[in-house]
Amino acid sequence: MTTLWLTRIIPNPQNPQARRDFRNAVDLHYSVMKLFPDDIGDEARKQLGILFRAETTPQGTYLLLQSRIRPNLDTLPAEYGSADSRPLTPLLDALRAGLPVRYRIDASAVRKPRKSMQQLYNLKPIVALTGPAAIEWWERQAEHAGLKLNTTHATRMEPASGLKAGTKQRVNNARTRFEGNAFIQDPDVLRQRIEEGIGRGKAYGCGLLSLAPAGPAQ
């Protein structure tokens, strides 16, 4: 399996670009992509397996970034913040059937109504899911990712939004954070889904599935 790298970037709150990036999903996407070679060609994010998620804790905000190659942290702007990378190999190698884990993912839970339904009810081509519908969406995704969920807590997040550079096109991806406990059913499938990400909006902070070992469910 391809080596995956997990990078943690802690932004300097005094740096104007860092503050802007963490307020705007499009700006953050562009800043992340600058950490990687620019000669990859089409679908560079997909080819490099780049996924990221912004986290906010009482101690501050930071970025988790996953990729198939190690990012060049020397290209971060001066005084942008601190960063370090480490391989995910030990975690991925430890995954086995029956292992209890804690999980977290910011995902864009959506559905695509049939065209007939769109016309009949004047629906958008893609409809964001909330509440029980969003949880059902995640339950299906988790099963397809080789996980058996034990507990699920869903939190609706602010949409990942921003204006694409040089255009009037606005990105506005609905996001729900799903976290809880699960058991691994199929470690091989799970490794693949961790590498590929889950759902839509991967370029703008969705789809990164994080796991950590957990004790047996009580």
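This is a predicted model: local features need pLDDT of at least 70, side-chain atom pairs count only at pLDDT 80 or more; totals for chains, interfaces and linings use all residues.

Q: Fine. So what does Arg 8 stand opposite in β4?

A: Arg 8 stands opposite Asp 84 there. The strands involved, β1 and β4, pair in the antiparallel sense over 7 bridges.

Q: And what's the bridge partner of Arg 8 in β3?

A: That's Leu 64. β1, which covers residues 5-11, pairs with β3 in the antiparallel sense, over 5 bridges.

Q: How many strands are in the sheet, and in what order?

A: It's an open sheet of 4 strands, ordered β2-β3-β1-β4, with antiparallel pairing. β2 and β4 (81-87) are the edge strands, each pairing on one side only. From one strand to the next, the twist averages 20 degrees.

Q: Remind me, what holds strands together in a sheet in general?

A: Backbone hydrogen bonds, and the pairing can be parallel or antiparallel.

Q: Let's zoom in on Gln 66. Where does it sit?

A: Gln 66 is in strand β3, which spans residues 60-67.

Q: Buried or exposed, and why?

A: Gln 66 counts as buried because its relative accessibility is 1%, and the cut-off for buried is under 20%.

Q: Which backbone oxygen lies 2.8 Å from a polar atom of its side chain?

A: The backbone oxygen of Ile 194.

Q: What else is Gln 66 in contact with?

A: Leaving aside neighbours within four places in sequence, the contacts of Gln 66 include Leu 4, Trp 5, Leu 6, Ile 50, Leu 88, Glu 195 and Leu 208. Ile 194 is among them too.

Q: Tell me about α7, then. Which of its residues are buried?

A: α7 runs over residues 187-196, and Pro 187, Leu 190, Arg 191, Arg 193, Ile 194 and Glu 195 are buried in it.

Q: What caps its N-terminal end?

A: Asp 186 does: one of its side-chain oxygens lies 3.2 Å from the backbone nitrogen of Asp 188. Just after α7, Gly 197 takes a positive phi of about 85 degrees.

Q: Switching topic: how much space lies in the largest pocket?

A: About 540 Å³. Of the 30 residues that line the largest pocket, Phe 22, Arg 23, Ala 54, Thr 56 and Thr 61 are the closest to its centre.

Q: Which element gives the most to that lining?

A: β2, with 5 residues. Among the elements that supply at least two residues each are α1 (16-21), α2 (25-33), β9 (153-163) and β10 (170-184).

Q: And how many cavities of 30 Å³ or more are there?

A: The count comes to 2. The second largest cavity holds about 30 Å³ of space.

Methods: Residues are numbered from 1 along each chain as its sequence is written. Side-chain values use heavy atoms; hydrogens and water are left out. Buried means under 20% relative accessible area, exposed over 50%, partly exposed in between (1.4 Å probe, protein chains only). A polar contact is a pair of N or O atoms within 3.5 Å; within protein, one must be able to donate a hydrogen and the other to accept it, and residues adjacent in sequence count only if both atoms are side-chain atoms. Contact means heavy atoms within 4.5 Å. Two strands pair if DSSP finds at least two bridges between them. Axes are lines fitted to C-alpha atoms, for helices over the stretch in contact, and angles run from 0 to 180 degrees between N-to-C directions. On a 1 Å grid over the protein atoms alone, a cavity is a set of points where a 1.4 Å probe fits but cannot get out, and a pocket is an open set with protein on both sides within 12 Å along at least five of seven lines; lining residues have an atom within 4 Å of a point. Grid points are joined across faces, edges and corners, and a volume is the space filled by probe spheres set on the points.
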